[in-house]
Amino acid sequence: MTEPIASATPPLTGLRVLDVSTLFAGPLAATFLGDFGADVIKVEHPRKPDAARGHGPAKDGVNLWWKTLGRNKRTVTIDLGDPEGAQLLLSLAAEADVLIENFRPGTLERWGLGPETLHAANPRLVVARVTAFGQVGPYSGRPGFGSLAEAMSGFAALTGEPDGPPTLPPFGLADGIAALATAYAVMVAVRGVEHSGKGQVIDMAIIEPILMLLGGQITAYDQLGLVQPRTGNRSVNNAPRNVYRTADDDWVAVSTSSQSIAERVMTLVGRGDLVSEPWFASGHSRAEHADELDGAVAAWIAARSTAEVIDRFEQAQAAIARVSDVRGVLADPQYAAIGTVQTVDDDELGPIKMQNVLFRLSETPGGIRWTGRRHGADSASVLAEIGVTPEQLTALRERGVV
C-alpha cells in the first residue's frame with residue numbers, strides 16, 4: 001500500500017480552517033487546504049449532516065464520495081441556529097484563521113454570526129462566503145448550484161454538437177472550479193493578514209470563476225460582435241482537434257494547438273500536401289477546413305489499432321491521448337508514475353483508492369492523513385479545545401445543540 005502521509009511538515013500546518021459549508025464548492029476548497037496541512041474542522045448540523053454525505057454511490061451504507069471530500073477534516077456537530085450553538089462557533093472562530101461558509105446571503109447574520117460579529121471575536125479571521133450568485137445583486141437571494149453557473153456562464157451554450165441542445169457536464173464542474181478559486185482566494189487573504197493584521201471577507205460567486213476560464217469571449221464580443229457557436233469536439237481556434245475511433249473500437253483524442261504539431265499530424269496521416277496550403281498557416285483558418293482535415297485523420301486512425309495509432313503518433317511527436325473511463329485512469333502508467341491515485345486506510349471500509357493531492361511540492365508536500373470521518377466523530381475533542389467539559393457536552397447533546 002502506498003504511504004498516504006507525507007513525511008515532511010506540510011506547508012499549511014498551523015492554519016486552522018472552519019468548514020461551515022455544505023455540498024461541494026466550499027467543502028472542496030477546505031479539502032484542498034487540508035491536503036497541505038491545514039487543521040480543518042468540519043461543522044455540520046447535529047441532525048442534518050452535509051448533503052454531500054448522501055451523494056453518489058455507497059458501500060454497506062457508507063458514502064464513498066465523502067471519503068475523499070471529507071478527508072483531512074475533523075468533524076463536529078453544532079446547531080448554528082441555536083444561540084448556544086452560535087456561541088460555540090464564535091469560540092471556535094476566535095481561535096481560527098479561516099471560516100468558509102455557503103449559506104444564502106443573510107443567513108449567518110440572522111443567526112448573529114455575520115462578518116462583523118465574527119471579526120469582533122477575531123479581527124484576523126478570513127471569512128470566505130461561497131454562493132451561487134454572490135452577496136449582492138438581483139439573484140443573490142435565490143437558491144443556486146453549480147449547474148446554474150454552467151448555464152449562465154456560457155459553458156453549456158458552447159458544449160454539445162452544433163445541431164444539438166446546450167449540454168451540462170455530468171459532474172460538478174463549476175463547483176470544482178469555484179473550489180480551486182476559493183482556496184486561492186483564502187491564501188491571498190491569509191497573506192494579506194500577514195501584512196495588515198486584519199482579516200477580510202471573500203465574496204466568491206460560483207458563476208464567476210468558470211466564466212474566466214471560458215477565455216476571451218467577452219472581449220471578442222465587445223470588440224467584434226463575435227458569439228462563439230457550439231462545435232462539438234472541434235475548436236474554432238485550431239484543427240484537426242477531435243476524438244477519433246480506432247480499428248479496435250477505442251477512441252483517441254488529437255489536438256493540434258501548435259502549428260508544428262498540426263504539420264506533423266497531417267504528414268503522418270498521408271496528407272502532407274495540405275501543409276503547403278495558404279489556409280494551413282494558422283489555427284483559425286485550419287478550423288475553417290475542419291471537414292477535410294478531420295476526414296483524413298479519422299480515416300487513417302480507423303484503419304489501425306489503438307496501440308499502433310498511439311505508437312505512430314509518439315514517433316512523430318504528435319499529441320494524442322486515449323479516451324479513458326475510470327478503468328483506464330487506474331491502468332494508465334503515467335498516472336501511476338506521478339502518484340495521482342493513492343490507497344489509504346479507512347476505519348469503515350479498509351484500504352480504499354482516491355485521488356491524491358492536486359500537485360507535488362519538492363520540500364513540503366501535502367498528503368492524505370485520513371479519509372472522511374463519521375458525522376460528529378470529533379465533537380468531544382474539538383469542543384474540549386474551547387473549554388467545553390464532558391458534563392457540558394452531555395447537556396448540549398441532550399438539548400440538541402451538538
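Throughout these legends, buried means under 20% relative accessible area, exposed means over 50%, and partly exposed lies in between (1.4 Å probe, protein chains only). The model is predicted, so local features need pLDDT of at least 70 and side-chain atom pairs count only at pLDDT 80 or more, while totals for chains, interfaces and linings use all residues. Residues are numbered from 1 along each chain as its sequence is written, and side-chain values use heavy atoms, with hydrogens and water left out.

**View 1. The whole chain.** The chain holds 18 helices and 13 strands; helices (H or I, at least four residues) and strands (E, at least two) are DSSP runs numbered from the N terminus. Of its 402 residues, 45% are buried, and the C-alpha atoms fill a box of roughly 80 × 50 × 40 Å, taken along the principal axes.

**View 2. One face of helix 14.** In helix 14, which spans residues 306-315, the buried residues are Thr306, Val309, Ile310 and Phe313. Seen down the helix axis, these buried residues fall within an arc of 90°, so they line one face of the helix; the arc is that of the directions from the helix axis to the C-beta atoms. They pack against strand 10 (251-254), helix 11 (259-268), helix 13 (290-302) and strand 11 (320-322), whereas Ala307 and Gln315, on the other side of helix 14, are exposed. Just after the helix, Gln317 takes a positive phi of about 55°.

**View 3. The largest nonpolar core.** A nonpolar core is a set of buried Ala, Val, Leu, Ile, Met, Phe, Trp, Tyr and Cys residues joined through side-chain atoms within 4.5 Å. The largest one has 41 residues, and those with the most contacts inside it are Val17, Leu33, Val98, Ile100 and Ile202. Its largest share, twelve residues, comes from helix 8. Apart from this core lies another, of 28 residues, among them Leu89, Ala96, Leu99 and Leu396. Leaving aside neighbours within four places in sequence, Val17 is in contact with residues including Leu33, Val40, Val98 and Ile100, where contact means heavy atoms within 4.5 Å.

**View 4. Arg71 in its loop.** Arg71 sits in the loop between helix 2 and strand 5 (73-77) and is buried, with a relative accessible area of 4%. Its side chain is joined to that of Asp35 by a polar contact of 2.7 Å; a polar contact is a pair of N or O atoms within 3.5 Å, and within protein one must be able to donate a hydrogen and the other to accept it, while residues adjacent in sequence count only if both atoms are side-chain atoms.
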